[in-house]
Amino acid sequence: MADDMFAPPVNRAMKVLDRSFFQKTVPASAARIFKPQDIARCRKALQLSGDTLPNNRIQPVRPDPDAERAQRGGKCLVLRPEIVHDDRTTWSPRLRDLEHDGTLGVVPYQLHLDYDYFTYAEITAATIPPPEKKNDDEIPQGFTLAGHVAHLNLRERYWPYKHLIAQVLADKNPMVKTVINKLDTVGAENAFRTFQYEVLVGEDDLNVEVHEQGCTFRFDFAKVYWNTRLHTEHERLCAVFAEGEAVCDVTAGVGPFAVPAGKKRVFVWANDLNPESYKSLANNIKLNKVDSYVRAFNADGTDFIRTASHELLNTQYAVDIMPKIKFSRSNPPKTKPSPLKTLTQPRVFSHYVMNLPASGINFVSSFIGLYANVPGVPASEIKALFRDRKMPMVHVHCFSTKSDDNVKEKDEICAELSRQLAYTITPDMDEVDIYDVRDVAPKKRMFCATFRLPEEVAFREV
C-alpha cells in the first residue's frame, strides 16, 4: 500500500486553517457481503488472508457503495488498494473462494477521506514548508500538556504558521481547550521560572488541574512553574523516600515531590519563594489530604536550608496511624480504636531536594557549617542523632552540556559542587550519582546530582 495514496492534499500557501481543503478520494475495491450474518466471518477470514485495508484509522465495515443496497442495510468490507475488483489475479485464494461460493462480491469502491481522518503530523507536513537545510529545525510535532492547556515553544521560522499549528493541535487532541506559545525562555527574565506567552487558541484561562502519582495538583500555569515532562523524575526521587523519614524540599513549586511523598507518610517541609507557588502548594496539600505530613513555607531557599534544619531539631511531632474501620452514623464505634502505630517526625532530614536547575547548585554552600552552631543545640547532641543514621542525601538539579557518555559533564558538575562545599566531590565516590534527567535543548541537558552530605562540611566551624 503506497503511503502517498493516503496522504492529505498539499497547500504550502495556507496560513489560516481551511478544514474543507483536506478532502481526498482513494480508488479501492470492497467485498460486498450479501448476508448480514456473514459480516463477522468474512471480516475475520479476509483479515487473516491480508485482503482488508491495514489501516487502523479507517473503519473497514462500511455501507454498501450502491445507495439502494445501503438503504436496505447492505454492508461491505474495504479492501487493500492493490486488490482490483475486476482483476482476479490480485485476489487472494480466500477472497476468490468466498466470491465463488456466493458469500460476497468484489466491487469498486471510492474511499473518501476528510480533515477528521488526517493526523496533526500529516496536516502540518502538508501546509508548512519543510526545512531548507538538513540541520534546520524540523516541523514542530511535540508539545507539553498541563491540564487543558497545551504549550508550544515555536521557533521563529514557524511564527507565520503558529495559529494554524495551534488550531490543528487543538482539533486533534480533545483534552486541549487552550493553546499557548512561549515568548521567552523559562527563568530568563523571572526568578520564579514563569514565562510570557500568547494565546493562540481558546480562552486565556490557565487555571489547570493535573494528575500525577495518584495526586491532584491545581494551579495557575501562568503564575507558577510546572513541567509535565518531569513526571518520571518526580517518581524516581519520590521512590527513594521512605515512610517516617523527613525531607526538606527547598524549591517545592506546587508540590510534585512533596505531595506524593506525603502520601507515603513521609514528613516533608516544602518551601517555595514564589508566593503563588506557595499558595498552590498549600492548597494541594489540603486537596490531597496530606497536611498531617507536609508543611508549606514561603522563604528564600538558601535561608530555608538552615532555618528548616535548625527548627526541625527543636520540633516534636508525631502522627498516629489509625486502622480503617467501617461504621455507620446510626451505629458508631463504642470505643475509640487504638492506633496501628505512631510515626514520630525525626529531628534531622534524611533528604534535601533542590529542583531549581538554573541556580539550585548555588544553594549547596548553605550546607557548610549547617550543624556547627545551632542556637540551643550543641553540636555533640546533633552528632549523636547521626550515630544510628547516615548523614542526609542531597539531590540538586542542574543544567550542563550534552555528550554521548556524560563524562565531561559529570566531572564539571562535581567540580562545582566541590567549589561550593570547599570539599572534594568526584563522580567515582561512593554514594555520588550524577543522574541524566532529560535533554532540554540541542546542546543542553538536565542532571540531578546526588551525594551524601559530608560530616566534615555539616559540622565545619565557620
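This is a predicted model: local features need pLDDT of at least 70, side-chain atom pairs count only at pLDDT 80 or more; totals for chains, interfaces and linings use all residues.
Residues are numbered from 1 along each chain as its sequence is written, and side-chain values use heavy atoms, with hydrogens and water left out.

**First helix pair**

Select residues 39-48, helix α1, together with residues 93-100, helix α3, which pack at an angle of about 155 degrees with their axes 9 Å apart. Helices here are DSSP runs (H or I, at least four residues), as strands are (E, at least two), numbered from the N terminus; axes are lines fitted to C-alpha atoms, for helices over the stretch in contact, and angles run from 0 to 180 degrees between N-to-C directions. The two helices α1 and α3 are therefore roughly antiparallel, a term for angles over 145 degrees. To see the contact (heavy atoms within 4.5 Å), show R41, A45 and L46 in α1 with R94, L95 and L98 in α3. By class, this contact of α1 with α3 has four nonpolar, no polar and two charged residues, where Ala, Val, Leu, Ile, Met, Phe, Trp, Tyr, Cys and Pro count as nonpolar, Asp, Glu, Lys and Arg as charged, and the others, Gly among them, as polar.

Next select residues 120-127, helix α4, and residues 162-172, helix α5, whose axes lie 10 Å apart at an angle of about 160 degrees. That makes α4 roughly antiparallel to α5. On the α4 side, Y120, I123 and T127 make the contact, and on the α5 side L164, I165, V168, L169 and K172 do; these residues divide into six nonpolar, one polar and one charged.

**The second largest pocket**

Now select R265, Y293, D320, I321 and M322, which lie nearest the centre of the second largest pocket among its 15 lining residues. On a 1 Å grid over the protein atoms alone, a pocket is an open set of points with protein on both sides within 12 Å along at least five of seven lines, a cavity is a set where a 1.4 Å probe fits but cannot get out, and lining residues have an atom within 4 Å of a point. Strand β14 gives the largest share of this pocket's lining, three residues.

**The largest cavity**

Finally, which residues line the largest cavity? Select R193, Y225, W226, N227, L230, H234, T251, A252, G253, V254, P256 and N355 to show that lining, which divides into six nonpolar, five polar and one charged.

Technical notes. Angles under 35 degrees count as roughly parallel, over 145 as roughly antiparallel, 65 to 115 as roughly perpendicular and the rest as oblique.
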